[in-house]
Amino acid sequence: MLDLRKLAAMAHSIPSDTGGGSPLDKLYVMAGLGERLDLKSFVEIGVYRGRSLFPLAWSFAGRGGRSYGIDPFSRAAAFETDLPPDLRERVTEFIATTDYDDLHDEAVRRCAELQLAASCELIRETSDRAIVTLRARGIVADMVHVDGNHDRLQALRDVSSYIGLMAEGAILVIDDTDWPSIADALAHAKERLSLVFETGTYAVLMRSSDDALIRGLGEFCRSLERHALRFMTEGRTPKVSVSIITFNQEDYIGQAIESALAQQTDFDVEIVIGEDGSTDRTLEICRHYRDLHPDRIHLIERPKNLGAVANYLETYRDCRGDYVAFLEGDDFWTDPGKLRKQVRFLDRHRDYAICFHNVFLADSDGTLLRPLFDRLPDTTAAADLCRGDYISTPSCMVRNGLVRDIPKWMYTLPGCDWPFDILNAGHGKIKYLDETMAAYRQHTTSIWTSRPLHECNSVSIRLATRLDRFFDFRYREEFASFIERNRRELALHLDVQTRARARIAPPAEAVGQTRRRGRISTARKKMKRWLKRLWRWPPASLAPEPANLPPLDLIVIDDAFPHPQSAFRLEEYDTYLAMFERARVFTNGQAFAFFNEDRPLAEVIAEHDRRSPALRGRTLPLADRPPTVTARFGYAVFAGNAWANVEFFEARNIPFAFTLYPGGAFVMEDEASDRRLRKIFSSPMFRKVIVTQTISRDYLLRKSLCEPDSIEFIYGVVTPEANLAPPDAAHLHYKYGKDTLDICFTAHKYTPDGHDKGYDIFLDVARALAARFEDCRFHVVGGFGEDDLPIAGLEGRITFYGGRDQEWLRRFYRDKDLILLCNVPFVVFPGAFDGFPTACGSDAMLNEVALFCTDPLNLNCAFVDGQDMVIVPHEIEAIVDRLSWYREHPDALRALGSNGRARAAQVYGFEAQLAPRLALLQQEIIA
């Protein structure tokens with residue numbers, strides 16, 4: 001999303017003088033249009049020091065775009081004859097005394113210092129020559145900024161020529177339109193393009209005949225200009241900023257704004273409205289109030305819909321007041337003295353961070369019903385707030401600036417007002433004013449109150465468990481209390497629903513007795529299972545435990561945890577340890593050799609404890625497992641771990657489940673593997689198996705190894721939450737930020753030459769591409785080296801990195817374009833196969849690297865071929881042709897990476913992976 005502060009900081013870091021310098025409002029209009037229209041290619045005529053080029057290049061690079069700055073940096077080309085009389089002498093002297101070679105070198109250095117060299121190209125040619133260069137390279141401009149030589153004929157030639165370089169829907173910005181010499185160029189542009197927006201000094205035009213689009217963009221530009229001018233205005237800072245966020249609230253937003261305008265204060269108040277791309281009349285209404293009160297209302301029109309959380313946080317960031325009061329577009333204030341009372345308290349009590357009050361519940365018509373709370377404590381703290389959110393949004397006022405850097409994880413939450421209040425409360429106390437001064441509206445279109453109660457409980461529990469981790473378990477007991485309360489409400493809902501279903505069951509006479517019982521029993525089981533899946537936290541107290549040795553809630557047995565290179569285990573088991581107070585992981589570290597790990601098990605566990613201090617002492621060596629330890633439930637991943645511990649589970653009378661990933665002693669059509677599975681599934685303690693691939697499920701059923709009711713299908717793999725969040729920095733794509741096509745291969749090494757992972761195919765494809773194209777580079781991560789297979793023909797073009805952890809890979813993938821994985825099943829062992837896609841492939845996708853892979857077993861059931869990834873045949877020539885096509889179409893390659901990341905984030909997200917696993921464990925633990 002466009003950040004005006006960063007744009008301004010970059011622009012202000014570049015000097016402005018007689019030679020040129022773009023004002024911030026024009027830069028913001030151009031950058032905002034680029035974001036709203038998703039423009040990718042920016043061309044500027046007249047770079048000078050780069051005050052407009054580099055901020056725009058930064059903005060375009062954030063979307064994977066590329067920028068071209070055209071300037072000959074020559075005195076002869078800079079000389080102008082059609083100067084306004086009042087500027088002629090000053091400009092002529094400036095041109096005569098300027099060292100243009102130094103100017104060019106300065107621009108090159110600045111481009112590198114701003115880390116734009118990979119996405120911004122300086123073309124030291126006249127505009128007449130540069131357009132020939134651009135056309136020869138097939139470059140089409142999405143936005144052109146004409147700010148070069150201002151002589152009449154040159155300006156006219158620039159506009160005329162570069163309009164021909166513009167794509168349909170592209171933007172043309174002509175600078176210094178107040179100069180008489182620019183008049184002909186502007187008139188020429190208006191004859192051929194549609195005027196979007198015009199000020200006294202510049203004009204914005206578009207290659208489009210869509211009148212509605214042009215009008216909408218014109219209003220948008222005016223809003224951007226106001227936003228920038230407000231930011232630039234120096235003067236008295238308002239005492240209070242009122243932050244109003246709104247989306248599709250045409251029936252309510254007027255009352256919200258009116259209630260803010262009605263506040264009676266003796267200090268300055270600004271109203272900042274974050275309008276999030278509404279599709280009804282909400283924006284029209286907001287503009288109406290803005291036009292009536294331009295000195296009091298600042299309207300932010302989002303280029304694209306951000307969503308409620310991002311809109312809330314970004315609107316807060318635009319608030320300039322000493323204090324910020326929050327009001328959502330469907331709520332309203334009822335006391336005109338509300339702001340005055342809250343400010344008076346916070347001014348007198350500097351040790352308080354938040355001041356709030358009671359609110360009325362109101363119906364959709366705005367009729368006040370009753371106060372939300374009966375009573376609340378006068379003063380509370382952050383820890384109290386973690387027990388449950390008692391600060392209603394329209395009642396809240398915070399001291400501005402306490403949260404200077406909003407954590408990125410905040411943007412990933414389903415709601416943010418509660419955690420944002422907790423962050424602020426970490427800097428001071430919370431004051432409750434015992435007055436009712438606002439209305440919280442309940443209506444059918446409300447995001448929260450329109451949900452069923454049990455769904456609110458479920459969302460609250462999931463949110464709290466994530467917040468507990470994000471706050472580093474500082475408020476563990478408080479969050480646990482909140483979760484337990486919601487769990488009990490869910491339990492009550494379950495009981496009510498079960499009784500209701502029993503009352504409406506059909507009479508026995510309606511159907512055969514046996515079939516009726518079977519159907520009712522099945523329906524009840526399904527209802528109970530569905531409702532219990534909503535539970536996400538263990539109860540604080542369960543059945544009475546033996547006095548001598550209380551059982552654990554959950555015992556996990558593993559051979560690789562907590563090694564940092566097993567990222568999915570870290571995410572899954574750390575979540576269980578965090579969410580189940582009485583959970584332990586016992587590990588033997590036997591799989592450490594797979595990661596080339598020489599450290600002893602105790603050292604790896606100690607490292608994990610240092611990294612997650614709240615979980616200290618919860619991971620123990622298997623050899624230290626107490627001989628009498630028992631648990632309500634057991635769990636493992638991979639068939640090998642489950643099989644090795646069946647006897648332990650049976651001896652301790654511990655029911656258990658496991659995840660059957662491909663590999664890990666699971667081999668199809670292998671008698672020894674089938675015997676291991678039969679031993680697991682025939683155990684009286686076995687309860688559930690989670691399968692992650694359709695072929696695994698089908699095999700268990702075809703071989704009659706497991707009952708269908710005992711199989712839970714969860715496609716994919718548990719993925720670290722850090723990998724699901726958008727990257728901190730923009731991804732660099734081929735021709736969109738860099739000029740090399742970077743192709744990688746990432747895999748664990750199981751065979752000497754890696755042919756099971758397709759390493760041999762990768763090298764053959766790399767050789768063919770290297771022979772065709774000079775700009776291809778190849779990268780290999782994993783236990784592979786140049787001695788495994790010949791790399792002739794790739795010398796100087798291929799790099800080996802060895803095994804790496806997730807943090808390193810995230811940085812590594814930032815400038816990689818695609819990953820090629822040509823796995824071959826049944827090679828390591830007959831019947832052994834990899835999941836689809838492999839964990840390395842999915843990890844690359846989440847880092848916006850386009851995935852090209854084989855799928856010989858037709859396992860794909862979640863991704864669209866050609867849109868989210870490309871499934872290739874196991875044929876070198878066909879793969880080379882496919883990759884060559886994408887090299888010639890870098891926009892399609894970039895879109896593939898972007899689409900793949902978005903889809904992978906859904907498939908491997910918390911709700912798709914950990915939520916159903918937690919539901920299963922919770923259901924079994926309380927059974």
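These legends describe close-up views of a predicted model.

**View 1. Helix H1 crosses helix H10.** H1 spans residues 4–12, and H10 spans residues 211–232. Their axes come within 12 Å. The crossing angle is roughly 65°, and the crossing is right-handed. On the H1 side, Leu4, Arg5 and Ala8 make the contact. On the H10 side, His227, Ala228 and Phe231 meet them. By class, the contact has four nonpolar residues, one polar and one charged.

**View 2. A cis peptide bond links Phe561 and Pro562.** Omega is about 5° here. Pro562 sits in the loop between strand S18 (554–558) and helix H20 (567–579). Most peptide bonds are trans.

**View 3. A cis peptide bond links Phe836 and Pro837.** Omega is about -20° for this bond. The loop that holds Pro837 runs between strand S30 (818–821) and helix H29 (839–846).

**View 4. Asn596 has a positive phi.** The value is about 55°, although Asn596 is not a glycine. Most residues other than glycine have a negative phi. Asn596 belongs to the loop between strand S19 (583–587) and helix H21 (601–611). Its relative accessible area is 65%. Asn596 therefore counts as exposed, the cut-off being over 50%.

**View 5. Lys735 has a positive phi.** Phi is near 70° in this residue, which is not a glycine. Lys735 lies in the loop between strand S25 (733–734) and strand S26 (737–738). With a relative accessible area of 33%, Lys735 is partly exposed.

Terms used:
Residues are numbered from 1 along each chain as its sequence is written. This is a predicted model: local features need pLDDT of at least 70, side-chain atom pairs count only at pLDDT 80 or more; totals for chains, interfaces and linings use all residues. Side-chain values use heavy atoms; hydrogens and water are left out. Axes are lines fitted to C-alpha atoms, for helices over the stretch in contact, and angles run from 0 to 180 degrees between N-to-C directions. Helices (H or I, at least four residues) and strands (E, at least two) are DSSP runs, numbered from the N terminus. A crossing is left-handed if the near helix is turned anticlockwise from the far one by less than a right angle, and right-handed if clockwise. Contact means heavy atoms within 4.5 Å. Ala, Val, Leu, Ile, Met, Phe, Trp, Tyr, Cys and Pro count as nonpolar, Asp, Glu, Lys and Arg as charged, and the others, Gly among them, as polar. Buried means under 20% relative accessible area, exposed over 50%, partly exposed in between (1.4 Å probe, protein chains only).
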